[in-house]
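Trainee: Could we go through this model together, one question at a time?
Mentor: Gladly; here it is.

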Amino acid sequence: MSLLDPFQYTFMLRGLAAAAVVGVVCAVVGSFVILRGMAFFSDALAHAILPGVAVAYLIGGAGGPLLWGALGAGIITALGVGFITRGGKLKEDTAIGVIFAGVFALGIALISSLRSYSVDLAHILFGNILAITNTDLLTIIGFSVLILGCLAAFYKEFVIISFDPTHAASLRLPSEPLRYLLLVLVALTVVVSLQTVGAGLMTAMLITPAATGYLLSRRLSRMMLIAALVGAGSGVVGLYLSYYVRIASGAAIALTTTACFAVAWGITRLRRH
Amino acid sequence: MTALITPVQSPARVSRPPQPETAVMLTDISAAYASGQSVLTDVNFSIALGERTAIVGPNGAGKSTLFKVIVGLMPHLTGEVLVHGHSHHAGDCPSIGYVPQREAIDWSFPVTVSEVVLMGRVKEIGWFRRAGRADHEAAEAALDQVGLSALAEHSINELSGGQQQRVFIARALAQRADVLLLDEPFSGVDVEAQAGIFDILDTLHEQGVTVLLSTHDLQSATTRFDRLILLNRRVVADGPARSVLSPERLAAAYGGRLTFWQDGAPITVTADDCCP
């Protein structure tokens with residue numbers, strides 16, 4: 001048994017590439033997510049794309065337009081939450097809690113009408129990274145470039161609306177459109193990452209690496225860099241380890257990011273003493 | 001009622017066409033929270049260019065709301081806000097520098113002092129661009145003016161309360177703001193740091209910047225400001241410090257009393273004596 005064994009399989013290489021790309025995108029987008037206190041929102045969003053996936057499934061089966069179904073559901077729900085919480089009648093997390101549980105249940109209901117219910121649900125919830133095709137990989141890379149490009153283009157504006165909304169208003173920045181754009185980018189990220197860790201473990205990619213970077217740096221650019229390294233590294237290492245340990249790849253990746261966070265937390269504790 | 005008290009300007013006197021020498025003009029402003037609860041009613045005043053004005057009033061008087069309305073962050077139900085004669089909806093609105101309340105900022109946000117100051121340059125930098133040399137120079141000059149050059153690369157959570165306020169003043173300087181709004185800049189700041197902030201504000205005053213500051217601390221407001229506006233959901237009194245801070249006025253703003261207006265002259269009705 002050689003340490004290079006996993007690399008002889010094309011599906012493994014595709015999986016590793018996908019895990020690395022998704023690790024970077026999730027970490028960078030996740031940095032804004034945790035700074036804006038949207039961790040719960042992103043987790044709920046990951047679940048709320050289920051009905052979109054289910055509908056795509058019902059239309060076209062396993063080879064159906066899953067990604068586009070998820071994308072549609074993700075964007076609609078992201079904008080929906082943005083809209084509902086705008087008036088301030090309900091607290092944001094309350095609105096999210098209500099809406100997403102309902103939408104998630106709708107997704108399960110739709111999927112449960114399928115014959116291959118349990119297998120399909122497991123793939124959506126926990127990812128199926130080794131089943132990624134060349135087309136999937138290209139789609140993931142394409143969307144990742146789009147997401148990172150948008151973040152780079154509006155970086156300084158995103159930082160201002162997150163750090164000091166009053167300043168954004170005094171500068172007459174279009175805060176609301178920017179906020180919606182950020183929500184859509186989070187939705188896109190969630191959809192693109194669905195195949196690697198699945199809806200259930202999404203926050204392990206979106207929140208944990210960003211939180212690790214936050215612990216280790218007091219500067220946003222460096223925080224994002226550390227987060228991206230942790231995300232991509234954990235994606236690759238986790239998937240690689242899952243080959244030998246024979247555990248679910250999504251869980252292996254999620255456990256690796258969690259381990260990174262634990263180490264970073266330990267470092268910050270030591271630094272303080 | 002003593003003769004010293006300047007009567008509050010009635011809406012009829014303030015509602016004139018915008019004068020070029022007016023920095024900020026509020027006409028019949030009323031505002032409410034999202035819940036529908038009223039915060040401000042019939043607020044009228046105008047601030048001349050370069051004037052130093054303190055908005056004083058108890059907690060919950062609507063000072064922060066008033067600033068948010070002036071900045072355009074919060075909608076007002078009635079009336080009009082003009083900054084340098086322009087409304088918020090006009091394209092060429094002049095620059096308003098805003099120093100937020102300490103509690104409004106997440107101090108654990110991972111940004112450095114110089115990054116915060118550079119945020120003042122966003123309009124000059126423009127969309128899809130990064131800060132250029134001129135922007136960095138403006139930020140450095142602004143930090144120098146508030147005496148924080150040495151801390152430029154420090155994270156904002158490493159600063160003291162007074163230094164944090166100065167960072168945001170520097171941001172307004174980098175923004176080349178025509179009007180500077182400071183929301184409770186002295187809360188959580190010691191006397192020495194407070195003096196430092198006043199020195200910076202004096203320099204700005206010499207440079208012709210209009211400064212509007214809110215505070216619930218009457219002592220700091222009296223000495224260094226040309227004009228005081230006593231606010232408690234509406235303008236209770238408006239004028240030079242010594243005339244505004246009469247016992248009757250303060251009781252009206254801070255005690256549980258009601259003030260009515262008749263023909264532009266204030267009449268104070270004592271409804272309650274709960275708070276001395």
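Mentor: Helices (H or I, at least four residues) and strands (E, at least two) are DSSP runs, numbered from the N terminus. This is a predicted model, in which local features need pLDDT of at least 70, side-chain atom pairs count only at pLDDT 80 or more, and totals for chains, interfaces and linings use all residues. Residues are numbered from 1 along each chain as its sequence is written, while chains are lettered from A and ligands numbered from 1 in the order in which they are written.

Trainee: In what order do the 3 strands of the open sheet in chain B lie?
Mentor: Two strands pair if DSSP finds at least two bridges between them. β1 (residues 22-32) and β4 of chain B pair in the antiparallel sense over 5 bridges. The edge strands, each pairing on one side only, are β2 (38-48) and β4 (78-83) of chain B. The order in chain B is therefore β2-β1-β4.

Trainee: Which residue in β4(B) is the bridge partner of Met25(B)?
Mentor: The strands β1 and β4 of chain B are antiparallel partners. In β4(B), the residue bridged to Met25(B) is Leu82(B).

Trainee: Which residues of helix α10 of chain B are buried, and why do they line one face?
Mentor: A residue is buried if 20 or more other C-beta atoms lie within 10 Å of its own, exposed if 12 or fewer, and partly exposed in between, with C-beta atoms placed from the backbone. In α10 (residues 247-254) of chain B, the buried ones are Arg249(B), Ala252(B) and Ala253(B). Seen down the axis of α10(B), their directions from the helix axis to the C-beta atoms fall within an arc of 90 degrees, so they line one face of the helix.

Trainee: Which helix supplies the largest share of the side of chain A that touches chain B?
Mentor: Two residues are in contact if their C-beta atoms, placed from the backbone, lie within 7 Å. On that basis 21 residues of chain A are in contact with 20 residues of chain B. α8 (155-163), α9 (165-170) and α13 (220-245) of chain A each supply at least two residues of that side. The largest share, 5 residues, comes from α9(A).

Trainee: Is Ile129(A) buried or exposed?
Mentor: Ile129(A) lies in the loop between α6 (117-126) and α7 (134-153) of chain A. Because Ile129(A) has 29 C-beta neighbours inside 10 Å, Ile129(A) counts as buried.
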